[in-house]
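The following exercises concern a predicted model.

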Amino acid sequence: MSLTSLLNRFKSASVHPTPSESLSLSQLAPSILNLSITDTPEQWALYESLLLSTLRTGDDTSARLVLQRLADRFGNDNARIMALQGIYDECTATNQSQLEEVLKNYTDLLKDDPTNIPIAKRRITLLHSLSKKSEAISALTTLIDLNPTDAESWSQLAQYYFEISMYPQAIYCLEEVLLILPNAYNVHARLGEIQFVAAESVSGASKEAVEKLEASLRWYLRAVELCDGYLRGYYGVKLVTGKLLESKISATNRTIPEEKINKLNSVATVQLNDIVTGSEKGKKGFTGYDSAEVAAAKELLEATS
Amino acid sequence: MAQVVGQQILRDPSLFYWILFPITVVMILTGVLRHYATLLLQSAPKPLEAKAIREQKNYLHGINLRTNANQIPLSSFTSRKNYLVQAFQSGSFLKDPDAKNKPPANPMTDPNGMDAMMNMMKGNMMMIVPQTVIMGWINAFFSGFVIMKLPFPLTIRFKSMLQSGVMTRDMDVRWVSSLSWYFLCLFGLRPVFTFILGNDNSADQTMAQVQQMNPQANTQQLFGPGQDPAKMYLAEAENLEVMVQHEFVLDGIEDRILARV
Amino acid sequence: MSRSLPSKLLIAFSSLLLAHACYSAHEHSLLSTTAASQETSPTTGSTLPLDITLETLVSVSLLLVGIISSGWELKPISLRSYAGGVESGKILVDGNKKGKGLFVGLDERASFVDIRKQRKEFTDWMKTQG
């Protein structure tokens, strides 16, 4: 297989692949390592993805070799190589004390060079996975204070806040992402999701809950406006409009008239139907949807019809 | 069409082998040599320190807020605006808040500026030194010959360029002296170098690759030497303050979506 | 890549017309120079007849119309249709078969990947596989 076709396989996989996917990717290791080193950016990108895949599946010998080649090319003091080395150390640590050792190493590295952002991000992840959530959040806010234009950090912070049910803070962080990437439709959808969950958390039919649901609906609509045929967006529209139409919500609390909500609901139903049927028949132009998402949409359609 | 009576000059064929050819070869070789010398001398740009990054990124944050204000609700925008305007005015993002009222540092003494200047100087030296040497060499050995005739006519304007070193007033412009051949090589060899050295910036390419592995090294300076960040922060605070119009994109979205179908 | 038949025909026809116009102009210039040399008056026959000029103009405009109408399908330039195409798998961005959205990096956040959790998931999965 050529370099580009190998790279494409890794690119099509997500950063969070399913176990069987990881296994097949990791099994590509010998063929990638046997390719001659051409010193192109693509090859090094491939090496990086391979390193993560082999670590996921526990193929530590291949991972060691890949890391060694990367370090030989870019040097051990390269920030990104340091982060990869850190990932390797995290994986090979077998007990708690070794993990603490890795964490201490990260902290020391950051003391020497506070601008080493890949290492800072690793440290935050490790803190979080060691269940030191508040420490992770405070480290992340320090990082954001250093670089408030990094969308990835804001997005991660939103996730952390969301996990501990601090919805207003999570929304604040995602709004920051929108200030950096105003067209990121998946962030709009995420905002819709968080507003929806926040609405669930307050008592059912109160004015506040309705406000949150409407805000959620609007974020979903914006996501759909920015991206045609966005499954997640239409799913949200359908879900939220269904919720708003439930009888227990009094019409006086709503600012969007009922007929519009009805219309939006039917629009979403039509779109979801299209996507579900198209995707199930494997029609051209519908192959990109995630099968789990399509199944969820189908379930929603069946539940409401 | 008036037939131009061509001047006939008999040239020794060894002029071709011993002048035209050597000059060309020497020019190409120096070009290659210069390329590798530049590669060797190039030093990686120094990464910024944390405070400088913070200063720049927070400035960009302000700009982002201003340009994409309509993406977030009015209340979110106002609270951010108030915070940033206050922080910008008090200079809490500045690298050294005490230096707010001092005049900007002299770019000659600023160490960051020195670095950039040093790099520029290196590059210029790599251009100037070989050029001077080779020009001197050609002048010393080969001046005063006519070595070739161009296959196309030219206007009289080109005489000084093509026949430098040969002071003959009436000679046809198409005759070319050795020094002129040097200049022609100097300006015309770029495609040849592209061919030999690969896509004329193989030096830049390797640099870009290392850079790509190093995403955080924000080496580029947002504030040029001589610019005063404190003043730019104040200006940005003012820009934010005068923003009164705010149209949230989500207003009326349901009508927009319904109008689409 | 949809080159429809009518536009192909139009291109062929207008190219022929253009070639004919060129040939006519060439013939005319030959004719006028020989005529001029016989009559020894340099002014006659120096203008091109109107029909050749018209033929040229018409053929060029027809050719343009033909080429434009035979052009490929236009690429989507609005974010909405482009992003939608990427999302649904209509548009493939560098060999990416699964429709990964344009901003998927914000959902995946590769720098924050919790590798230990994934490793654990994998070992658990391996155990279930036997």
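**Exercise 1. Helix packing**

Is the crossing of α1(A) and α4(A) left-handed or right-handed? Determine also how the two helices are oriented, and which residues join them.

*Solution.* Step 1: helix α1 of chain A spans residues 3-12 and helix α4 of chain A spans residues 41-57. Their axes lie 10 Å apart and form an angle of about 40°. Step 2: angles under 35 degrees count as roughly parallel, and those from 65 to 115 as roughly perpendicular. α1(A) and α4(A) are therefore oblique to each other. Step 3: the crossing of α1(A) and α4(A) is left-handed. Step 4: on the side of α1(A), the contact is made by L3(A), T4(A), L6(A), L7(A) and F10(A); α4(A) contributes E42(A), Q43(A), A45(A), L46(A) and S49(A). Step 5: by class, the residues of this contact comprise six nonpolar, three polar and one charged.

**Exercise 2. The fold of chain A**

Describe the secondary structure, extent and burial of chain A.

*Solution.* Step 1: chain A contains 16 helices and zero strands. Step 2: along the principal axes, its C-alpha atoms fill a box of roughly 65 × 45 × 35 Å. Step 3: 48% of the 305 residues of chain A count as buried. Step 4: consider the contacts in chain A between residues at least 6 apart in sequence; 51% of them join residues at least 24 apart.

**Exercise 3. The contact of chains C and A**

How many residues does the contact take from chain C and from chain A? Characterise the side of chain C.

*Solution.* Step 1: chain C provides 36 residues and chain A provides 43 residues. Step 2: the elements of chain C that give two or more residues to this side are α3 (79-88), α4 (104-108) and α5 (115-129). Step 3: the largest share, nine residues, comes from α5(C). Step 4: by class, the side of chain C that touches chain A has 10 nonpolar, 12 polar and 14 charged residues.

Conventions:
Residues numbered from 1 in each chain as written. Chains lettered and ligands numbered in written order. Predicted model: local features only at pLDDT ≥ 70, side-chain atom pairs only at ≥ 80, totals over all residues. Helix = DSSP H or I, 4+ residues; strand = E, 2+ residues; numbered from the N terminus. Buried ≥ 20, exposed ≤ 12 C-beta atoms within 10 Å, placed from the backbone. Contact = placed C-beta atoms within 7 Å. Axes fitted to C-alpha atoms, helices over the stretch in contact; angles between N-to-C directions. Parallel < 35°, antiparallel > 145°, perpendicular 65-115°, else oblique. Left-handed = near helix turned anticlockwise from the far one by under 90°. Nonpolar A, V, L, I, M, F, W, Y, C, P; charged D, E, K, R; others polar.
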